[in-house]
Amino acid sequence: MTGSPDQPSAGDQGGVPESPYAPDEVVVQDGVGVPDPFMRLWTPHRMAYIEGENKPTSGAAGSGCPFCRLPGLPDADALIVHRGEAAYAVLNLYPYNPGHLMVVPYRHVADYTELTDAEVRDVSELTRQAMQAVRTVSGAHGFNIGMNQGEIAGAGIAAHLHQHVVPRWAGDTNFMPAIAHTKVLPQLLSETRALLAKSWP
């Protein structure tokens, strides 16, 4: 960001980089509207998910499917917490709660009934281990575990089966997600991945 011709930028004044606002300053947007008592917590990063970021445009296997692509990346880059023989555990890029994991078979398959016996065992075992790791790291009070089968059932990526493991705590559903549709997360995904990987049983 640069200053106007008549006014040098903050970066030109003592080498301090210019900031769009001071830490304690409330940014006021000029425009039309009736003031009310609410403050707004903007979450523009959510727009990427709303607009379909990382969602495949077809049901085919391959690089277009993020669940097919992730195992080819380093664990830290892919947010993979643990790799099993037939499935892997990965952090959700758009978590509902801290430590929200998904257990995903390597094979590109959409329906639970299509899994082999070995894949069913690995998905089940990794789910159990995920619960143990999350409890060790964060002392979760409970879990929501399940999978959405098909787009009509709410699956974001319906073509590649994945089971959600969502840790829950007493009071974790408050006015923010219930009314504001905003989830406040206290930890970066990279830090969560490192803690869970270290504590994986």
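**Cysteines, a helix and a core**

A search of the whole structure finds 0 disulfides, a disulfide being a pair of cysteine sulfur atoms within 2.5 Å. This is a predicted model, in which local features need pLDDT of at least 70 and side-chain atom pairs count only at pLDDT 80 or more, while totals for chains, interfaces and linings use all residues. Residues are numbered from 1 along each chain as its sequence is written, and side-chain values use heavy atoms, with hydrogens and water left out.

Cys 65 is buried, at a relative accessible area of 1%, whereas Cys 68, at 23%, counts as partly exposed (buried is under 20% relative accessible area, exposed over 50%, and partly exposed in between, with a 1.4 Å probe and protein chains only).

Helix H4 covers residues 117-138 (helices, H or I with at least four residues, and strands, E with at least two, are DSSP runs numbered from the N terminus). Its buried residues include Val 123, Leu 126, Ala 130 and Val 134, and what covers the buried residues of H4 includes strand E3 (101-105) and helix H6 (189-199). After H4 comes Gly 139, with a positive phi near 60°.

The largest nonpolar core has 28 residues, and Phe 67, Val 90, Leu 101 and Trp 200 have the most contacts inside it (such a core is a set of buried Ala, Val, Leu, Ile, Met, Phe, Trp, Tyr and Cys residues joined through side-chain atoms within 4.5 Å). H4 gives the largest share of this core, 6 residues.

Technical notes
Expected span 1.5 Å × (residues − 1). Contact = heavy atoms within 4.5 Å.
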